[in-house]
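Colleague: Please guide me through this model, one question at a time.

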Amino acid sequence: MSLLNSSGLKGRKVILHDMCLRDGMHAKREQISIEQMVKVATALDAAGVPYIQVTHGAGLGGNSLQHGFAPHSNEEYISAVAPLMKQAKVSVLLIPGLGTMQELQSAYDCGARSVHIATHCTEADTSPQHIAFARKLGMDVSGFLMMAHLNDAEGIAEQGRLMESYGAHTVYVTDSAGYMLPEDVTERISALRAVLRPETEIGFHGHHNLGMGVANSIAAIAAGASRIDGSVAGLGAGAGNTPLEVFAAVCDRMGIETGTDLFKLMDVAEDIIVPMMEHVVRVDRESLTLGYAGVYSTFLLHAKKASEQFGVPARDILVELGRKKMIGGQEDMIKDTALTMARERDIAIPC
Amino acid sequence: MKKIKCALIGSGNIGTDLIYKILRSPVLEPVWMVGIDPESEGLLRAREMGLKTTHEGVDGLLPHVQEDGIQIAFDATSAYVHAENSRKLNALGVLMIDLTPAAVGPLCVPPVNLREHAGNLAMNVNMISCAGQATIPLVNAVSRVQSVSYAEIVASLASKSIGPGTRANLDEFTYTTSSAIEKVGGARKGKALAIINPAEPPMMMRNTIYCLTDDEPDREKITASILEMIGEVQKYVPGYRLVNGPIYDGNQVSIFMEVAGLGDYLPTYAGNLDIMTAAATRTAEMFAEEILAGNIQLKATEVA
């Protein structure tokens, strides 16, 4: 654990990126109102958080039967939030194959100025047109390698170089399953740092399914990352993202500079986010299963729903999805897998 | 029996798999393979299979069109170069079957609208996308029973089956497929999602089709229509198979299916490749039969 020795990190500057209003949409079954978005975003802005992500949980193009419909379009959310920001930049998520350049243009027109262009950790070459287009718009562009535990350090480095070559300013290691341990993070971030240009930043996006969000984010910084995603009170998919106020407190103690106001973040968590939660976002039996079995965090509530519908325990469904190596975006395969398992177990399917 | 001579443009996964499909056809004969890289594996394989090849793109083929009697060309390059390829070949009276998402010509899904195209000779027919070929028959199977306000399809594809052209142009795939769900599938609004999964061993092509009907779905009729349509597609893609469903939830109909390929060029997991090449071959065969029967004559189009 020498990496967690604070002495070497004193004075390091880190950019925080809050995910409550995007990843947190998953934890709210995509049901966050415009009023809630505005309230959270203005409070985060006042607390000095420099980047705030605002969209459907699955990003641009996310409104669908596959991923659920939010009460408002991405354009409506972004237009409501962006003009009120005093210092924060509004960011969006775009997963090629789901979101398109037309939707990115439209998000930009509504005020989004930063974007995570996300691909599975081995499929970076599906992102060149979207990264190039975001650069053309003049946005801050991150390449976002999801389910990063499914590629080794060398592979991540190679995929990161591709995204850098398309024009990404930052390359993210994204622990979508909350599966990684600090040494896994260290390996991958170090490999990226070794091959990327010095001016290309590295980011880390954690999920707290094994309770490692904060420790993993510190390991990422120690290995060369300068951008950290988290969400206040951990409002995100699975057991949530790295809880941002906890991470900010740890940074303060270690002398890492985030430029945020810790007490204000704590107040946002306690007074605004926690009362918004439909369920307490925490490491419970199913979210722990995600982290333990390496399953995409967003599958959590879908698996719980399929479990209620088809009578197969959510944990069994999640473990099977992990075994079948299903990845982000394959939410349809949750119901499909539950149906097949119910048939194999002779459970009558209501329909 | 006389066969119609064909040229294949693009020496990647789709072009190569097409050779196998066309070689089996009673009415089509593959004669030329066009590429842009002299070292490409696809051109080498085509030569080994007895085709003439050029690495100079469509321009390398043009001087040979008349002497070799080429009447049908398949374009498996990219949406960006398709229009120019089509213009040059149409000018020589060659009918174009477009396997890129360019969608210059009318959209074709054989079990849904192939017959319409036979009567209505277009010099360019578009095959939409692999996901479109796999899912639109089932959207249509629902919409021919009762009106569908919205249809959404999710295609999961094995990473190894997706070539560089599709990867670099995912948006074109999305736009063309979404629009075809409306125009050919019969839904008032369509949306297409694609996921590329790198699992080893590679996963079989999986597709999920969701339809929202305006009124309460007539379960019996819709299920029967879906099963009948699956039978139609199986005539040219035997591995087209229902896995789960249809499941009815309010006005939502959900269908979960998979497509196993014949394993010609890529292994059977690449059903996406097969359904595209098989649909294109079936479409070309329909035109070939009409040409051979003397019902239609291909004419050189005016060069604008």
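**Helices, barrel and sheet**

Colleague: At what angle does α6(A) run to β5(A)?

Modeller: In this predicted model, α6(A) lies across β5 and β6 (170–174) of chain A. Helices (H or I, at least four residues) and strands (E, at least two) are DSSP runs numbered from the N terminus. Axes are lines fitted to C-alpha atoms, for helices over the stretch in contact (C-beta atoms, placed from the backbone, within 7 Å). With angles taken from 0 to 180 degrees between N-to-C directions, the value is about 155°.

Colleague: How are the parts labelled, and what pLDDT do local features need?

Modeller: Residues are numbered from 1 along each chain as its sequence is written, while chains are lettered from A and ligands numbered from 1 in the order in which they are written. In the predicted model, totals for chains, interfaces and linings use all residues, side-chain atom pairs count only at pLDDT 80 or more, and local features need pLDDT of at least 70.

Colleague: What is the average twist from one strand to the next in the closed barrel of chain A?

Modeller: The barrel of chain A closes through parallel pairing of eight strands, in the order β1-β2-β3-β4-β5-β6-β7-β8. The twist from each strand to the next averages 25°.

Colleague: Which residue of β2(A) is the bridge partner of H17(A)?

Modeller: Strands pair if DSSP finds at least two bridges between them. Two bridges join β1 (residues 15–18) and β2 (residues 51–53) of chain A in the parallel sense. The partner of H17(A) is Y51(A).

Colleague: Which helix of chain B do the buried residues of α5(A) pack against?

Modeller: Buried residues (20 or more other C-beta atoms within 10 Å of their own, C-beta atoms being placed from the backbone) of α5 (residues 128–136) in chain A include P128(A), I131(A) and F133(A). In chain A, their packing partners include β3 (89–94), α4 (101–109) and β4 (114–120). From chain B, the partner is α7 (164–168).

Colleague: Which residue of β11(B) is the bridge partner of N207(B)?

Modeller: In β9 (residues 205–213) of chain B, eight of the nine residues are buried. Eight bridges join β9(B) to β7 (residues 148–158) of chain B, antiparallel, and N207(B) is the bridge partner of A155(B) there. Another eight bridges join β9(B) to β11 (residues 252–260) of chain B, also antiparallel. In β11(B), the partner of N207(B) is M257(B).

Terms used: A residue is buried if 20 or more other C-beta atoms lie within 10 Å of its own, exposed if 12 or fewer, and partly exposed in between; C-beta atoms are placed from the backbone. Two residues are in contact if their C-beta atoms, placed from the backbone, lie within 7 Å.
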